[in-house]
Amino acid sequence: MNIAVSRDPATGWPRRALTIQWSVALLTLLLVVAPLGPILWQSFLDRPLYEAGAVPGFANYVRLFGDPDFHAVLRNSFVFAVLATVIAVLAGVAFTLFLERTRLPGRNLLRNLLMWPLYISQLVTAFSWYTLYGPAGYFTLLGERIFGVPLWDMYSVPGMAILGGVTQAPVVYLFCASNARMADATLEDAARSVGAGPFRILWSVALPMLRPPIIYSAILVFIGSLETLAIPLIFGRPVGIEFFTTFLYSKGLGAITPDYGMIGAAASLLLVIVTLLLVVQGLLLRRAGRFVSVKGKSQRPKRIDLGMGGYVVSGLLALYLLVGVLLPMAAVLLRAFTTFLTPLLSPFELLTLENFQSIFDYPVHVRAIVNSVVIAGVGGLVATVLIAVIALVIRRSSFPFARALEYVALYPRAMPGIVAGIGFFWAMLLLPFIGALSGTIWILMIAFTMRGIPTAYGAIAPALMQIGPELDQSARSLGADWWTAVTRIILPLTKPALFAAYTLLFLSFLKEYSAAVFLYAPGAEIIGTTMLSFWAEGEGGAVAALSVIQLIITLAFVLIAHRFTRTHRDV
Amino acid sequence: MSEVVIDNLGKHYGAVRALDDVSLHVAEGEFVTLLGPSGCGKSTTLFALAGLDRPTEGTIRIGDRVFFDAAAGIDVPAERRGIGLVFQSYALWPHMTVRQNLAFPLKLRKVPKAEQAVRIEEALALVDLTGLGERLPHELSGGQQQRVALARTLVFRPSLLLLDEPLSNLDAKLRHKARDWLKQLQRQLGLTTLYVTHDQEEALAMSDRIAVMQAGRIVQLDTPERIYRRPATRFVADFIGAGNFLPVRHVGHDEGGRMLVETGEGVRLVTAGTAPPGAGADLAVTIRPQHLRLSAAPIDDENRLTGTIVDRTYLGARHGYTVAIGDQRIQAESEQLFEPGAVHLAFRAEDTLLLDG
Ligand SMILES: Nc1ncnc2c1ncn2[C@@H]1O[C@H](COP(=O)(O)OP(=O)(O)OP(=O)(O)O)[C@@H](O)[C@H]1O
Ligand SMILES: [Mg+2]
């Protein structure tokens, strides 16, 4: 086919539509390749990538696989990821079945509580568990006093896996719940009519129907477990249990002369593993799509009545949330306002504001908070606009490479935060125009934006697809070019989705830390990196205070966002 | 000049030919209807004209402007064509009031504010919607929405008006009214119009000419009168509601030169016209149900048949009958009430038409 439409006969310039589409496509590609390229390239070089005379080869990989420490890293990472996935799936599925398919007492409250870990930085959650269940944690000491021996050991792979599972159970719930809500209730009625009891129905009918979302979300959790930095940093590194992420962290930041080759090879390996997992997930999802039947007819989901059993189940789920979410958060709050926390003394004798003073008395730390808010508020806005345009090009234009662009835009899912951080760090060393951003909050915004593309795209693209093509076609036939049609007609109609995308980006930019550990510099600190510095100095009180500040910002934002969507429901 | 010239237009989706060698010339001010069953390529033709769907071959010209030429690689984008398209679903923008919907094409053309207001009022008056400018689309009835969609298209004075089944979302009564009103408006404005429908009655009532489409091709392009009286193929005849097809054999001519045919039962019939070119001896004769006269007693007429009433339906003013003639079933209508059983039928030669069997 002859594509002779690219130039405007009046001006001779390429048309506005194609200019915008190509610019956005190239910018997206640059965002993704900038960190990816240097890492892959470095993994084959025998010296740091900024030094001249490097010879490409496989020496780094040979060294990496020959390193017994790295064998332990692989083993730890995978055992942790498997255990955490199992725990997250068990919890997530249990919540799905009981919250979505039964008439459980108090299910709305339970659902809200369950979602908390999604809003909270994993660093804060890990720290909160440390305060309660760590080796010198409140409950650990309490148990030791009563029973004479420590009852658990959080400095172990299974201990960390429980935390990893609890923080990621909401992910499993999210995917399974939307599926369970659409499930055909007549299947359950049929089971009841042949005499199955409520628990039997859940086990034999409702659960098997959830297989596709379970597999899908299990892979997500597995990837999330490989990517987590906070948990192994807080619970593994003190006793020498290294994971993929802490291995990169130690090699890059812990050593006086970082081993570039080794870091490159390990980061590349992690990228390859996660990419493969995503490919598998994509294939499974495509196959699953064939036998998932979503009915057009709307039906009120019928819920199973558990009778008195409901109160027992409710109690058990509440206990899980109390131990896993609520008490740790309370502990952080208490820790922020006390000199230290111990079962030996009443916390009310130890009340203090010192922890907050140690933050607010220092402009550096105040600046970190301001930076975080600016990055989340402004960076999130810019990212939302950019990603909205990316989605428009992919979903609502005749851009010839729209499909390829979608692959590029979704690729950051495969890039763990710490890997992205290393990648951008190296890109700054390599490319002068990116290097100019070194030590500013801009590079953080750019890195966070790149990481945020898939999330925001996932919120915007489905909304775009729900708008009939005739709405922009009619604008086109009335004289609007592509850009006018999509910005004046399509974007205003996707306002709720754009707002949802902004909310997601704001929250994830605010709690991001792993992509920043290699990128932040004096003047460009954020809450997460400051927390890590306090942590390294053993300043538990300051970490707790910062956690509380981050939680308050999150809470305020969520409340405002909620208000805003309520009053603007009709847009 | 806004004469429309479509030549050898083709649109292929892999092996699927949504459009196959479609040629159509529409004169200035003419009202031409594309008529055909679902999936025959009507919308594809319209969207190709509007520039919203890129054909794979052929040319499109309006007046002296070439809008599309596959061979020369010319494809003027939709927004530069100045063609008005009214969508089946109206495609009103839900976040804009009626006035904002109408103002949009004017703003794009940088029409001054004062003139915008005048032209919007004019357009609203034209479609009888004066005073509803501040409503949002969902605050209007289906018929009103349809008229807003039309007004939004008329307001920028397109050189050509394309309408894709604009009345299909209206109820039967409203559709009747809207159809007369639309036709009148088109005459009044003298706008060249291409209209798409699968309702033959609508096509017959409104068009200057009708193009009947089948599987991506135009099979007959003619005036409503001729399409109705002289459908070129059995498909057209069937689609236009000719009703009955009786298989016959050609046996000769009578003294007036009219064709003589014989049914399977050996009954001789006189028919009007000639067999279609290239037809063999096996033909089909069509007679509309309302042209068949029924009687309990034998009728004295040039064409007579006998059959058995096997079914009767009450149609209000008349009764519909299914009559078995040999192994054929035909439909007939009469104001008289007949009981099931033997019946005589008669019809005039000029009410018949011969088609390829
Ligand atoms: N993307 C596509 N891929 C393959 N075939 C297509 C595609 N789009 C349309 N077609 C086919 O092209 C043919 C013409 O479609 P078109 O929309 O023009 O039909 P239509 O005459 O307007 O029908 P209707 O009255 O139902 O609106 C149909 O057979 C349709 O199946
Ligand atoms: Mg159509």
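Predicted model: local features only at pLDDT ≥ 70, side-chain atom pairs only at ≥ 80, totals over all residues.
Me: Great. How many helices and strands does chain B have?
Reply: Chain B has eight helices and 21 strands. Those are DSSP runs numbered from the N terminus, with helices being H or I of at least four residues and strands E of at least two.

Me: And what box do its C-alpha atoms fill?
Reply: Along the principal axes, the C-alpha atoms of chain B take up a box of roughly 75 × 50 × 35 Å.

Me: What share of chain B is buried?
Reply: Of its 357 residues, 51% count as buried. Buried means under 20% relative accessible area, exposed means over 50%, and partly exposed is in between, using a 1.4 Å probe and protein chains only.

Me: What about the contacts in chain B that join residues at least 24 apart?
Reply: They make up 65% of the contacts between residues at least 6 apart in sequence. A contact here means heavy atoms within 4.5 Å.

Me: How far apart are the mean positions of the charges in chain B?
Reply: The mean positions of the 40 positive and 45 negative charges are 6 Å apart. Lys and Arg count as positive and Asp and Glu as negative, with His and the chain ends not counted. Each charge is placed at NZ of Lys, CZ of Arg, CG of Asp or CD of Glu.

Me: Which residues of chain B does the UniProt domain annotation cover?
Reply: The unreviewed UniProt entry gives "domain: ABC transporter" for residues 4-240 of chain B. UniProt positions are in the numbering used here, feature names are shortened, and annotations may be inferred rather than shown by experiment. In the model, that span is 35% helix and 27% strand, and its end C-alpha atoms lie 25 Å apart.

Me: Let's zoom in on B:Arg81. Where does it sit?
Reply: B:Arg81 is in the loop between β6 (74-75) and β7 (83-86) of chain B.

Me: Is that arginine buried or exposed?
Reply: B:Arg81 is buried, because its relative accessible area is 2%. Its contacts, leaving aside neighbours within four places in sequence, include B:Ala48, B:Gly51, B:Asp75 and B:Ser159.

Me: Which backbone oxygen does its side chain reach?
Reply: The side chain of B:Arg81 reaches the backbone oxygen of B:Phe67 at 3.3 Å.

Me: What is the phi of B:Tyr90?
Reply: B:Tyr90 has a positive phi of about 70 degrees, although it is not a glycine. Most residues other than glycine have a negative phi. B:Tyr90 lies in the loop between β7 and α2 (98-108), and at 4% relative accessibility it counts as buried.

Me: And what about B:Lys110?
Reply: B:Lys110 is not a glycine either, and its phi is positive at about 55 degrees. B:Lys110 sits in the loop between α2 and α3 (113-126) and is exposed, with a relative accessible area of 71%.

Me: Switching to chain A, which residues does UniProt list for a domain there?
Reply: The unreviewed entry lists "domain: ABC transmembrane type-1" for residues 74-281 and 369-561 of chain A. In the model, residues 369-561 are 77% helix and 0% strand.

Me: Where is A:Thr85?
Reply: A:Thr85 lies in helix α3 (residues 68-101) and is buried at 10% relative accessible area. A polar atom of the A:Thr85 side chain lies 2.5 Å from the backbone oxygen of A:Ala81.

Me: How about A:Gly261?
Reply: A:Gly261 is in helix α13 (residues 260-291) and counts as buried at 6% relative accessibility.

Me: Last one: is A:Leu429 buried or partly exposed?
Reply: A:Leu429 is partly exposed, at 37% relative accessibility. A:Leu429 belongs to helix α18 (residues 417-430), and its contacts beyond four places in sequence are A:Tyr50 and A:Tyr260.

Definitions and conventions:
Residues numbered from 1 in each chain as written. Chains lettered and ligands numbered in written order. Heavy atoms only, no water. Polar contact = N/O pair within 3.5 Å; in protein donor to acceptor, adjacent residues only side chain to side chain.
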